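Good morning. I have one structure to go through today, and I will take it in a few parts.

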Amino acid sequence: MSEKIVQLSATNFKEEVLDSKVSVLVDFWAAWCAPCRMVTPILDELAEEYEGKIKIAKLNVDDNQEIAVKHNILSIPTLILFKDGEEQKRLVGALPKKKVIEELSPWLK
């Protein structure tokens with residue numbers, strides 16, 4: 001996993017996501033989730049390609065259940081784009097990179 005991807009927890013979620021000055025794409029995932037593992041290389045590439053335009057972060061739902069519940073995570077992987085602390089876009093499932101970019105294009109400029 002890219003060093004450009006921020007690892008989230010209950011202790012840094014507010015600072016890294018809700019208070020962030022740039023848009024943040026959060027990957028809600030779990031270690032046992034095969035589709036989640038399929039998304040990781042895509043996020044690594046996005047973190048490199050869109051550095052400075054968007055922050056990529058990952059939150060393990062098993063370790064941070066209270067945050068997952070608060071954000072109504074019913075299926076993983078779920079990607080949520082936050083801007084100014086508010087949810088802007090939600091993508092559920094392992095999507096191809098092209099589809100992720102297409103869905104997030106308004107925030108990647």
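**A buried phenylalanine and its surroundings**

F82 is buried, with a relative accessible area of 2%. Before I go on, note that this is a predicted model, and please keep that in mind for everything I say.

Where does F82 lie? F82 is in strand β4, which covers residues 78-83. Leaving aside residues up to four places away in sequence, F82 touches F13, V17, L18, S23, V24, V26, H71, E87 and Q88. Take V26 from that list. Along the sequence, V26 and F82 are 56 residues apart, yet from C-alpha to C-alpha they are 7.7 Å apart in space.

Now take F13, also one of the residues that F82 touches. How many aromatic pairs does a search of the whole structure find? The search finds one. A pair of aromatic rings is described by the distance of the centres and the angle of the planes. Here the rings belong to F13 and F82, with centres 6.1 Å apart and planes at 85°. An angle over 60 degrees counts as edge-to-face, so this pair is edge-to-face.

What does the pair tie together? F13 is in helix α1, residues 13-18, and F82 is in strand β4, so the pair links parts that are 69 residues apart in sequence. Is F13 buried or exposed? F13 has 5% relative accessibility, so F13 counts as buried.

Helix α1 also holds E15. The relative accessibility of E15 is 56%, and E15 therefore counts as exposed. From E15 to K109 there are 94 residues along the chain, and the C-alpha atoms of the two are separated by 23 Å.

Next, the helices. Two packed helices are described by the angle between their axes and the distance between the axes. The two I want to show are α2, residues 34-49, and α4, residues 97-104. Their axes come within 10 Å and cross at roughly 50°. That angle makes α2 oblique to α4. As for handedness, the crossing of α2 and α4 is right-handed.

Which residues make the contact? On the α2 side they are I42, E45, L46 and E49, and on the α4 side K97, V100 and I101. Sorted by class, the contact of α2 with α4 has four nonpolar and three charged residues, and no polar ones.

Last, some points about the backbone. Most residues other than glycine have a negative phi, and most peptide bonds are trans. I have some exceptions to show.

The peptide bond from I76 to P77 is cis, with omega near 0°. P77 sits in the loop between α3, residues 65-70, and β4.

The loop between α3 and β4 also contains N72. N72 is not a glycine, but its phi is positive, about 55°. With a relative accessible area of 47%, N72 is partly exposed.

D84 is not a glycine either, and has a positive phi of about 55°. Where is D84? D84 lies in the loop between β4 and β5, the latter being residues 86-92. Is D84 buried or exposed? At 60% relative accessibility, D84 counts as exposed.

Terms used. Residues numbered from 1 in each chain as written. Predicted model: local features only at pLDDT ≥ 70, side-chain atom pairs only at ≥ 80, totals over all residues. Heavy atoms only, no water. Axes fitted to C-alpha atoms, helices over the stretch in contact; angles between N-to-C directions. Helix = DSSP H or I, 4+ residues; strand = E, 2+ residues; numbered from the N terminus. Parallel < 35°, antiparallel > 145°, perpendicular 65-115°, else oblique. Left-handed = near helix turned anticlockwise from the far one by under 90°. Contact = heavy atoms within 4.5 Å. Nonpolar A, V, L, I, M, F, W, Y, C, P; charged D, E, K, R; others polar. Phe/Tyr/Trp six-rings, centres within 6.5 Å; stacked < 30°, edge-to-face > 60°. Buried < 20%, exposed > 50% of the residue type's maximum accessible area, 1.4 Å probe, protein only.
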